[in-house]
Amino acid sequence: MSVNYFTIGMAGHIDHGKTTLTKALTNVDTDRLKEEKERNISIELGYAPFNLGEGFQVSIIDVPGHEKFIRQMIAGVAGIDFVILVVAADEGVMPQTKEHAQILDYLGVENAVIAVTKTSKVDQEMHLLVEEDIRSEFSGTVFDDVPMFFVDSLSGDGIEELKEGIIQRLPRVEQRNSAGKFRMPIDQAFTLKGKGAIVRGTVFEGTVNTGDDLFLLPGMETVRVRQLQVHKETVETAYAGQRTAINLGGISSKEIVRGDILTTNPALRPTKTIDIVLQVNGELSYKLKQRSRVKLHTGTSEVMGTIVYFDRNELSEGETANILCQLRLDEPVAVLRGDRFIIRRPSPVETIGGGWILDPLGSRYRFGSETIKMLQQKMEGSVEERISDAIETRKVISTIKLSEAIGASEDETTEELTKMVDKGAVVYLEPDVVTLQTLVDQARDKLMNELKAFHQRYPMRLGPGKAEVVQELKKHYPTMLIEYAISDSLRKEAVVQHGPYLKASLHEPAFPKQWEKRMRNVVDRLQEGGIKHEGLAEMVRQQDIPETFLPELERYLLETNRAIILEDGTFVHMNVFVVSLRKLYKQTNNESFNVQDAKGILDLSRKYCIMFLEKLDSMGLTKRIEDQRKWVNHKLGQYIETE
């Protein structure tokens, strides 16, 4: 049968019997430190397996109740799925009970029961009064109507009823995701002789296997899983929701601290600037001013930082609604969108509030309504909307970086991208790089506008060089997006490439209308003039064409293959060149020939004959061997028919 993995937290005021109740439920004493035994209080987190029968594998975390150890309490409840809120019958709801309940609420822990302990210290008549008092204290909170059980941990009265109540409630609790990337915040790290570094924590999500390589954040070290244990039993795999000990290779326990994270998720990256949605304690003792120092608790980490508002200068008593703001931290943390957190005032010590991470990779924004509007869109936007916004901002982004940017798992991001591709909203430029179709369309439009402007400015040219186009478009778009837009335009035949040049498919190089007739006269004269003529510049002058057009005309003749240019810059009409080539080929009978032979056949001076033959050499049509030349037949096909 399938097994459900859960971690249950035991929370409440100091000396209300949490540790004793844990022992009554599990037969394990979670006070393991000498100081805890001597002072009879829990200082560190205590853990115990909780046997609830087949189908369940449950751990109980006993968190410290003393206000001095609230940081340990928060670290303990960060990964829990269910809570037993403990209230002593003889004392009722106390300050630390309320703070624990408030912290649990901020952390999103909604599944709970209330255990009223030490019932032997009050008579039966007091039970109703105790229940009424507790219900009154928690009215309007997540603990308003949760089941309440009266127990005595020493005698065992009510323990079985409490167990049964938990068993009935646990199936309603949503299972943690074991299919996603592995993530486990560390709450204990130590060295075991002969084993090396050991860390413990509750697996937030995913699975981990013996032999896996993991990232240790925020330092980004790579470590290997040597061995796994769940409640002192060696296992090959640990699942989300399980309390797990991991023997790590490649690192010393001295390099690991509570708050570090083990993960396989490459989208999880260290950050020091996070956008948050904050719910505030409505009973703040003091106003929390702009840029006040605060202490962030998230996962099992505890980091100092500064709170930054964008629509106010302070938080006052009575404010509880979602406040969109930012934390700028002294040290990096590794979080994802949706992770819960608590912030506390370091002095005087006070829980300010809690909430969830809006953007783990926040930037510095301006104070004012525009920033609040942007954060509001981040908060309310769907995964698709957040993907669109992130790509719109970055133009081109890898799927891993996209996961980071929107604070979603890689699997969730990939799944949504698939839907967006099917709808034609997203394009994969490479297997792991995406952009928006609208950005491709914009880049294509920009490309076409660039070509159109070029054709209007230089009508005689074939088009701009591709490198020149890319350089211009890089002012607006990343190179990868430009290359895709060009390739897409070529596929759709909106653009044609000739060698290094690009042109709009409908464009053909043409003479400016004002000078068209005269330029045609120049081309005709070039053909009539043969190989030896007065020169192209002189022909242009004779037609009274402005000299500024000469470079464009020369380029036109070469790019459209209407002429070739000899070594000294002499332009020869292509028809003249081909006729001369064929004549020479025919009269040399495809045999070797020398300059003198060619000079007689072509009726040219030695100077022009040599320039013509050197052109044949440079084009690969002939090969010179000492004073002889041989035809290179496989190169001649475009000019003459060869056997």
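## Helices across the barrel strands

In this predicted model, helix α7 (residues 369–380) lies across β17, β22 (323–334) and β24, at about 75 degrees to β24. Helices (H or I, at least four residues) and strands (E, at least two) are DSSP runs, numbered from the N terminus. Helix α4 (residues 95–106) lies across β17 (270–280), β23 and β24, and runs at about 10 degrees to β24. Contact means heavy atoms within 4.5 Å. Axes are lines fitted to C-alpha atoms, for helices over the stretch in contact, and angles run from 0 to 180 degrees between N-to-C directions.

## The barrel

Six strands form a closed barrel in the order β17-β22-β20-β19-β23-β24, with antiparallel pairing; pairing requires at least two DSSP bridges between two strands. From one strand to the next the twist averages 45 degrees.

Strands β23 (residues 340–346) and β24 (residues 349–359) run antiparallel and are joined by 7 bridges. Phe-341 stands opposite Gly-355 in β24.

## Packing of α11 and α12

Helix α11 (residues 437–457) packs on helix α12 (residues 466–473) at an angle of about 125 degrees, with the axes 11 Å apart. That angle makes α11 oblique to α12 (under 35 degrees is roughly parallel, over 145 roughly antiparallel, 65 to 115 roughly perpendicular, the rest oblique).

Lys-446, Leu-447, Glu-450, Leu-451 and Phe-454 in α11 meet Glu-468, Val-469, Glu-472 and Leu-473 in α12.

## Basis

Residues are numbered from 1 along each chain as its sequence is written. Local features need pLDDT of at least 70, side-chain atom pairs count only at pLDDT 80 or more, totals for chains, interfaces and linings use all residues, and side-chain values use heavy atoms, leaving out hydrogens and water.
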